[in-house]
Amino acid sequence: MEHTDSLVYTPTWVVATVCFIIVLISLCVERTLHRLGKLLIRKRQDKLFAALQKLKEELMLLGFISLLLTVFQGLISRICIPTHLSNFMLPCKKSYILHPNGTEHYSNPAANNSQRLLFEDTNSGHCLHEGKAPLLPLEALHQLHIFIFVLAVVHVIFCVTIMTLGAARIRQWKSWEDSIRNEIESKKGRTGGNDADVHDIDHQDFLNKHGAGYWRKAAVVSWMMSLFKQFYASVTKSDYKAMRQGFIKKHYPDNPEYNFHHHVVQTLAVDFKKVIGVSWYLWLFVVVFLLLNVAGWNTYFWLSFLPLILLLLVGAKLQHIITRLAQEVVVERNIHDHEAQLQVTETKRDNHEVHEAAPPVKPSDDYFWFCSPALVLILIHFILFQNSFEIGFFFWILFTYGFHSCIMDKLGFIIPRLIVGLIVQVLCSYSTLPLYAIVTQMGSTIKFKGPFKSSEESTRGPIEASQIQMQSMAKESPQNAQNSEF
């Protein structure tokens, strides 16, 4: 016998209206993403366009998960398990009510009357007649469906927000880049020398702040200073100049005017493609977190501190790498000065100490955990996802069950969770992310070997860009000059 609330007994105008609204919203979202992609291509933002494609892949994955939950919801709700298993590791403790006829029924404080009626009318009712419990009731399956969607949406919003604020912070370094390149050009115009003298004063300031002093060599003191340094002036102008000089000496020794700032921005855009996605190990962590959500354990309260602890650890590590870069330069300079003292006279030694410039920092993978700069990005990815999970889980419970539901923690647990989530967002945006963007350039190999267009080249058309490329080829050899004329 067919139920009266099935589709065959629903007015056609209702079905058509709801279907039209759903299709309209879907098409609007799809067209918006398509136009955004065309805008990024027109602006030659290839890295951001790749991130947008990654976002589309995540939306497709969400759609596939939604399809599986919808198709198999009837089959899942018909699976029955023993009653004692259904009472094990519950997010909320069941409160049993004794009826006058001697039977016991439990009341779920997290569900309202309409939800309980829906539960009794679902396909899982046959499990109750058999003296068993459904594996996952239809209503719980529907709520799980919504939770997965909310989690993914909150993660994307948080990642876009953090990357936007972090990129705004990094754009403030552009004035430093412009001033350095202007100094190099003016120095070449006057003396025709290299850029070594341009960095002398700032480089010495960098060494004095991070490498000078015997007490800085102590590991405990150095790590404590690195921990607190990330809260104020995490990257100074002298830090930027020192790392810029070391990067260019390592990878572009013949191009001292290389636009290091533009390179940092472009590599950050490439990393954004990885961060905005939800990797398989993150979904595995979601399963573990859902498993540990047991009444009385206050699991989510303690897990809310995990992103903050990891973020402070990552920020301290990045600051400590800057310190080690300076210390290595100081050690190398001291060895060089000691060797010079053994070879020259007292007078020559004094002149040597006055005019000898400190060597630039030397990028190396040895400064990073397990000699892998990519591990830092994985940790930041996990931190952002875990923080998104905490905030998304809170709002999902708030709008699904209400503020006073049993699954919602006490007020003393809720407020610290929200404060910690806010701290993680702000600290990651204005300190950790800019630190990561510049410090991870200090690896042994260049992060991305593909040629990045400079900000000037990105505004030129394809014809003008090809003409400039042919002119540069003509300068290299006479044979290329003939090709450029052709």
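Predicted model: local features only at pLDDT ≥ 70, side-chain atom pairs only at ≥ 80, totals over all residues.
View 1. Ser429 belongs to helix 18, which covers residues 411–439.

**View 2. The surroundings of Ser429.** Ser429 has a relative accessible area of 1% and therefore counts as buried, the cut-off being under 20%. When residues up to four places away in sequence are not counted, Ser429 touches Ile162, Leu165, Gly166 and Pro434.

**View 3. The largest nonpolar core.** This core contains 86 residues. Phe147, Ile438 and Val439 are the residues with the most contacts inside it. Helix 17, formed by residues 374–400, supplies the largest share of the core, namely 12 residues.

**View 4. The contacts of Phe147.** Phe147 is among the residues with the most contacts inside the largest nonpolar core. With neighbours within four places in sequence left aside, Phe147 is in contact with Val286, Leu290, Phe389, Phe393 and Trp396.

View 5. An unreviewed UniProt entry lists several spans under "transmembrane region", including residues 300–318 and 419–439. In the model, residues 300–318 are 95% helix and 0% strand, and the C-alpha atoms at the ends of this span are 28 Å apart. Residues 419–439 are 100% helix and 0% strand, with their end C-alpha atoms 28 Å apart.

Terms used: Residues numbered from 1 in each chain as written. Heavy atoms only, no water. Helix = DSSP H or I, 4+ residues; strand = E, 2+ residues; numbered from the N terminus. Buried < 20%, exposed > 50% of the residue type's maximum accessible area, 1.4 Å probe, protein only. Contact = heavy atoms within 4.5 Å. Core = buried A, V, L, I, M, F, W, Y, C linked by side-chain atoms within 4.5 Å. UniProt positions renumbered as here; feature names shortened; annotations may be inferred.
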